[in-house]
Amino acid sequence: MTDQAAETATTNPVVSNFIRSRIDEDCAHKTYGRKVATRFPPEPNGFLHFGHAKSIFLNFGLAQDYLAQCPQSLCNLRFDDTNPTKEETEYVDAIREDVAWLGFDTSGREYYASDYFERLYQCAEQLVHAGLAYVDSQDSESLRATRGTLTEPGTNSPYRARSIEENLDLFRRMRAGEFADGAHILRAKIDMAAPNMNLRDPAIYRIRHAHHHRTGDAWCIYPMYDFAHCVSDAIEGITHSLCTLEFTDHRPLYEWFLDRLAELGAFNRPLPQQIEFSRLNLTYVVLSKRKLIQLVNDGHVDGWNDPRLPTLKGARRRGFTPTGFKLFADRIGISKSDSLIDYQVLEDCMREDLNERAERRVAVLNPLKLVLTNFPENHIEPCFAPNHPHHAELGKREIPLSRELWIEREDFMIEPTKGFFRLTPGKEVRLRYGYIIKCTGFDRDESGQVTQVYGEYDADTKSGTPGSETRKVKGNIHWLSCAHSVPAEIRFYDRLFRTAAPGGRQEGDAPDFERDFLTDINPNAKQIQVGRVEQALAHCPAESCYQFERNGYFVADQFDHTPGKPIFNRTVTLRDSWSKN
RNA sequence: UGGGCCGUCGCCAAGUUGGUUAAGGCACUGGGUUUUGAUCCCAGCAUACCUAGGUUCGAAUCCUAGCGGCCCAGCCA
């Protein structure tokens, strides 16, 4: 366990769920001895996204939590690389990084389904030997035609009655590379009339003359998911094989393979059991691999680690934190009901974590100049700001105040709307950590845009000095001395889609109209501005996160931030009960 | 319309071997603290468990019949 994981593990109370209940029963009955073994089995053909984070915390979290009562508990990272035409090494590295980033150490526990190809093949031969599998030589169209439909049974393949010897011979020759892709497949002999389509003689092996990212050209036949997955679980001694709900219909097949194989002596009981839970659905995002790929390939975002994307790579760059994800995973829970989580919940989790861990700094994101006309020309007044309001031990830092300042454009209004209590002509406001000032005037350009604001400070009101507390003003705005701040690129990110269900039906859509999710993209999800930040911020390491007071949480860009060109990404705004109204 | 899964407060989610007033979180509302309209603290928030019947002294939990949602016809995972 890494420090990160140790930290996140203690964050929340454990909430009961049906999987834990099941495991508790197994523990009570000593079904698997003193062991809870899970696995996280991504296919290395894409990047991990928020949905995977749920699965990672579930699988690794369970193994971690049960360690005390079941000392042999563990969770494997297993790359499900059984399809050579889709998988690549670059994804393997990315996935490993993401899992580590979330706080789980997988060293020594990293496996590949492709490591089991020989064993898998032997298991398949055993099934053939036992008359439980056969080589079918129909083409794919015939296969589809004879499978039947949801309401009609399928029909037996003309090759279904081949002898064991012939099947064995054919299967071995498939492996030897004697046949072209698609010429034959190995099928389980179950029941073409089964109401569950998965049991209508499912494919076990297909011929693919393709280079595999790990096994190279050693194989030209590759096992299908349903066969490879359960066997891999059994090989690794997995006890609880957790997957999403769409695999529920596959469970009878999972059990069929393993039961048969156990009967044939390939595995000992107890066998792993598959348990399904509902996948993550989040508003305002898309989590399907296909759509994510489309967003990247069509250039709607700037690559897989674009902060607008719900990928873990994007999240990291956005400033989302592992602890925030852990909070999120615990908050949404595990169940079998189709749920749709408000994106807001995720954001709140990030705020909760960041509020605690992020030091406060000052940044003026949309600068407007304020001149204190009664402030001495060359005077510099040191002001002091705590680095964290809840953690005095983190100390204070100096922020110099001078005659010319930058304030937030939104903090000034010529004619205040009702309830506005920031800077406005003739009224007073406190410069945070500094003095109370009064607005005495402002300049405008020909278009009416305010170009500069004037004010006078009250020298008796400096924050922290005796008596300064006695004068209360409602408004409190942040500021930065023009001469003591530096420009910084600020990248404002917002949700990628403007509708809660991208591509979903909207009012007025024709009954058969299918909306393209791309039309729901929020064109303003990324906006770049140059703001001002405290000088020291230019030298913070990449990925440092801060709360820019009154503005939100920001992170120094993982890749582009340099002392010469500071760049901060907005992770999430602060909650704001004012702008809500 | 074959099979499978699901339906508890706006969003999640405990509870499901039937037994006091249906956990908890988020959101929301009200109040307090506060030099972040932030944070923090306190309080409130389902006579109700998809609907209708039934069994029972007693049901969210059992039975029956409906209704609604999701998944499945890749040599993808």
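Ground rules come before the details. Residues are numbered from 1 along each chain as its sequence is written, and chains are lettered from A and ligands numbered from 1 in the order in which they are written. Because the model is predicted, local features need pLDDT of at least 70 and side-chain atom pairs count only at pLDDT 80 or more, while totals for chains, interfaces and linings use all residues; side-chain values use heavy atoms, with hydrogens and water left out.

Start with the layout. Chain A splits into domain 1 (117-225), domain 2 (282-357 + 491-581) and domain 3 (363-483). Those bounds come from an automatic or database domain assignment. Between the centres of domain 1 and domain 3, taken over C-alpha atoms, there are 75 Å.

A backbone N or O atom of Ile332 is 2.6 Å from a sugar or linking oxygen of RNA strand B. Pro195 places a backbone N or O atom 3.5 Å from a base nitrogen. For Gly464, a polar backbone atom lies 3.5 Å from a base oxygen.

Helices (H or I, at least four residues) and strands (E, at least two) are DSSP runs, numbered from the N terminus. The largest share, three residues, comes from α6. By type, the surface has 20 nonpolar, 23 polar and 25 charged residues. Nonpolar covers Ala, Val, Leu, Ile, Met, Phe, Trp, Tyr, Cys and Pro; charged covers Asp, Glu, Lys and Arg; the others, Gly among them, are polar.

Next, salt bridges. The structure holds 45, each a side-chain nitrogen of Lys or Arg within 4 Å of a carboxyl oxygen of Asp or Glu. Take Arg317, in helix α11 (residues 312-318). Its side chain meets Asp557 at 3.0 Å, N to O. Asp557 is in the loop between β24 (552-556) and β25 (567-573), 240 residues apart from Arg317. Both are buried, which means under 20% relative accessible area, with exposed over 50% and partly exposed in between (1.4 Å probe, protein chains only).

Arg317 also bridges to Asp560, at 3.1 Å, N to O. Asp560 lies in the loop between β24 and β25, so this pair ties together parts that are 243 residues apart in sequence. Asp560 is partly exposed at 32%, whereas Arg317 is at 11%. A network of salt bridges links Arg317, Glu489, Arg491, Asp557, Asp560 and Lys565.

Last, Leu480, in strand β20 (residues 479-481). Is Leu480 buried or exposed? Buried, with a relative accessible area of 2%. Leu480 touches residues including Val362, Ile399, Trp406 and Arg532, not counting residues up to four places away in sequence. Contact means heavy atoms within 4.5 Å.

Key:
Polar contact = N/O pair within 3.5 Å; in protein donor to acceptor, adjacent residues only side chain to side chain.
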